[in-house]
Amino acid sequence: MNLRKSALEENVWTLLVKSNIIFQKDFHLEFRTRYAINAIILFAVISLTAVSFSIGPMQLDPPIQSAMLWIIIFFSAMSGLAHIFVREEEQQTSDTLRLVAPPTAIFLGKWVFNVVLLFSLEIIVIPLYIALLNVDVQGMGAFLTIIILGSVGLASIGTIMAAIVAQASTRGALFAVLSFPLSIPVLRSAIQGTWTAIQGGGLADCLADIQLLFSFTVVILTSSIMLFEFIWRK
Amino acid sequence: MIRIEARDLQKQFNDRLIFSQINFSLQSGESLAITGPNGSGKTTLVRIISGLISPTSGQITYHINGRTYAPHEVYGVIGLVGPYLQLYLNLTAWENLEFFSRIRGVPVDKSRLKRLMAHFGLAGRELDLLKTFSSGMLQRMKYVVALIHQPEVLLVDEPTSNLDEEGSETVYQLLEEQQKDKILIVATNEPEEIRFGRKRVDVTGQK
Amino acid sequence: MKRDWWKWLLGIWMTVMILGAFLYTPVAKGLGQTTRVLYFHVPSAWVATLSFFISALYSIRYLQKQNIVYDIWAASSAQIGFMFTVLATVTGSIWAKEIWQSYWNWDPRETSIFVLLLIYAAYFALRSAIEEKNQKARLAAVYSILAFVTVPFLVFVIPRIYDSLHPDPLINPERKIKMDPRMLQVFLGSLFGFTVLFYWILRIKTEIEFLKLKLSKRM
Amino acid sequence: MRPKYIVGIGIILVFIAFAGLKLKQSFTPYVSLQEAKRTGGVVQVKGTRIPGSERYDYEKKVFIFEMKDTTGEVFKVVYHGVKPSNFEQAMEVVAIGAYRNGVFEANQLLIKCPSKYQAEESKGVQS
């Protein structure tokens, strides 16, 4: 019998190739409907304008500025990151996906998608934030590093929680409820780091925050990869 | 050579027993019909065999070339058509085929896929979004997708639901073909389709 | 009756500890009579952490064996842990008002216990949102393990990066126990008593759940 | 156990340990007095009290004392409230407030417990 060799084999390379295929598929679908991206960008822009509108010409203190930024990013993420798994569940394509791809590839593909989604949000929201709230970022290098690390951390938590929430009955509220406690280390370090960066701190000044964000993200990602198949396989 | 072995399969949802003591053994060249009235657990059994859900107790194993696998490890040799497996409606037929070929690790053979589409009466609709398809056309499309990787094990839940006579005829041909040297599992109540299973499992009495 | 001897012993033990806390131990420098909260606040926080740890361990066991019994242990331990977390939070908050002049100041350890509270709440919210028993057990187990993995970051990392008003931990970098011997006796005794008490409640809770399981199978 | 889990648990432990490593401490919620003067906003200043400097102004109902911040700078603190009962035993004091008109106006005082749970000396008056 000539079974296709690839049918029963899984190695790191095929996993990466397959996660890329999943990512492309999701990107393509998102591009067509723009559901998630619209949701998160609208949320972020509305809350930014609301804050800017209410403070008028006043300038907020750096700690409030940095907390504001991360609150906006966090809640925007909560409004859009779950979509990636909920969509598969709602359109009943999740079983189809279960039958064609290994769980790890699915998780990685969706994770990359969520990271890209948050980055696209930030490309639009960060300039708006700087302009609308009169933020004078003095340490741009550290600022961007913290933003990037923080978003990857949030996207990692968001992705694994989305996988859990997609199988529960009350999805919307539950997603934020589940994600928030686990996001606190990320939010806390990111807010501190952003604060330091706005006041002119360099990379060396927020080293402790960068260290925490980085190691936390690696730990969450590793445990997610280990645990995802227990969520995915019913 | 593939052999599927089911031993004492039992499934419960919370405390509701769906079925218990399902036993069968199937190997390449054999076929199985799963019968039972609506709501008796035919679909649950199909999902267990294909590895989509796990049984509450009992075991299902695949023996391939002398090695033993759990169902979820052999998704590469399984093809499944069922009402609960949807395709991506916001992608075109061709994009769906391309995605499922690539993720299965099968080279995207344009002419072969076109022939398959034509065989199921979908010629010329390759570039249309699936959400413009009728339910019958979607059912045909599911067969095309399930056959992309020439599965050694084909599971079909309600093979001809939504299909017209011509579509049913094509499907019957396919089932005939599959049971010659591969494994075919059909879940149905239509007498016309039960004949495709040389072995039978009735889930009704199994409580 | 005979195998229940330890429950009687625990009753006597805890009574002695309570009396000891109020009558035997001296008050600490600068803390006044509020010192006595120590013998109840710290053990509560300890049991809260311990039960969270046990819940995560049983969650791992569940994922390995897929046996609903492990889920019952994990969920019961979490429920009891939640109760002790509330106790630790409330006693700590009252104590803080007395000696730090504020109920709540987001001291790192206040932050940690608050996050633990949130994690437990989220765990129960998740459990109530899923109907099918095995699915509930599976997803709750995954959540519990993920939460457990983040705890080191909260309990150990944040308090070390950021300053705390809490006294140094009993086992400190200099490896010396800095506590009055009489206080230490009652403190350790209370810690032990609370731990056994937790075990007892856990046993009762799981037995109730097992009986419920048996009954539902009969019907 | 499958190698995947062994490798995974290894990575997790290594990175938890890495996060616990104390890199250069760059940030605490507490600032020096100089920082407080510069920003003028509400900040937390940590330091030690200067014994004997405290007095209570019954007219204005304020508690006044001097403290020394971590850089060694001595300054006057005006606290709008009653003197904390355990003030004398304080190892460290955190004053939350803003620097205005040459004094630090505190809305809140936090007293760090002694790091030893030692018995009260007998000569000390019980508060």
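**Helix packing, aromatic pairs and chain make-up**

In helix 1 of chain A, Lys25(A), Asp26(A), Leu29(A), Glu30(A) and Thr33(A) meet His83(A), Ile84(A), Arg87(A) and Glu88(A) of helix 4 of chain A. Contact here means heavy atoms within 4.5 Å. Helices (H or I, at least four residues) and strands (E, at least two) are DSSP runs, numbered from the N terminus. By class, this contact of helix 1 with helix 4 of chain A has two nonpolar, two polar and five charged residues. Ala, Val, Leu, Ile, Met, Phe, Trp, Tyr, Cys and Pro count as nonpolar; Asp, Glu, Lys and Arg count as charged; the others, Gly among them, count as polar.

The model is predicted: local features need pLDDT of at least 70, side-chain atom pairs count only at pLDDT 80 or more, and totals for chains, interfaces and linings use all residues. Residues are numbered from 1 along each chain as its sequence is written, chains are lettered from A and ligands numbered from 1 in the order in which they are written, and side-chain values use heavy atoms, with hydrogens and water left out.

Two packed helices are described by the angle between their axes and the distance between the axes. The axes of helix 1 and helix 4 of chain A cross at roughly 85 degrees and come within 12 Å. Axes are lines fitted to C-alpha atoms, for helices over the stretch in contact, and angles run from 0 to 180 degrees between N-to-C directions. Helix 1 and helix 4 of chain A are therefore roughly perpendicular to each other. Angles under 35 degrees count as roughly parallel, over 145 as roughly antiparallel, 65 to 115 as roughly perpendicular and the rest as oblique.

Helix 4 (residues 83–90) of chain A also packs with helix 6 (residues 103–132) of chain A, at an angle of about 125 degrees and with the axes 10 Å apart. That makes helix 4 of chain A oblique to helix 6 of chain A. From helix 4 of chain A come Ile84(A), Phe85(A) and Glu88(A); from helix 6 of chain A come Ile106(A), Lys110(A), Phe113(A) and Asn114(A). The classes in this contact of helix 4 with helix 6 of chain A are four nonpolar, one polar and two charged residues.

Pro102(A) sits in the loop between helix 5 (94–98) and helix 6 of chain A. Is Pro102(A) buried or exposed? Pro102(A) counts as buried because its relative accessibility is 1%. Buried means under 20% relative accessible area, exposed over 50%, partly exposed in between (1.4 Å probe, protein chains only). Leaving out residues up to four places away in sequence, Pro102(A) touches Glu10(A), Leu15(A), Lys18(A) and Tyr75(B). Pro102(A) and Trp232(A) are 130 residues apart in sequence, and their C-alpha atoms are 10.0 Å apart in space.

Thr61(B) is in strand 4 (residues 57–64) of chain B. Its relative accessibility is 16%, so Thr61(B) counts as buried. The side chains of Thr61(B) and His63(B) are joined by a polar contact of 3.2 Å. A polar contact is a pair of N or O atoms within 3.5 Å; within protein, one must be able to donate a hydrogen and the other to accept it, and residues adjacent in sequence count only if both atoms are side-chain atoms. Beyond its neighbours within four places in sequence, Thr61(B) is in contact with Arg3(B), Ile4(B), Glu5(B), Thr68(B) and Tyr69(B).

Now the aromatic rings. The whole structure holds 31 aromatic pairs over all chains. Phe27(A) and Phe31(A) have ring centres 6.1 Å apart and planes at 25 degrees, so the pair is stacked. Rings of Phe, Tyr and Trp (its six-membered ring) pair if their centres lie within 6.5 Å; planes under 30 degrees apart count as stacked, over 60 as edge-to-face and the rest as tilted. Phe27(A) and Phe31(A) are separated by about one helical turn because they are four residues apart in helix 1 (residues 12–33) of chain A. Phe27(A) is partly exposed at 39%, and Phe31(A) is exposed at 54%. Phe15(D) and Phe18(D) pair edge-to-face, 6.2 Å centre to centre and with 80 degrees between the planes. One aromatic cluster is formed by Phe52(C), Phe53(C), Phe82(C), Tyr120(C), Tyr123(C), Phe124(C) and Phe148(C).

Chain C has six helices and zero strands. Of its 219 residues, 54% are buried. Chain D has two helices and seven strands, in the order α-β-α-β-β-β-β-β-β. Buried residues make up 39% of the 127 residues of chain D.
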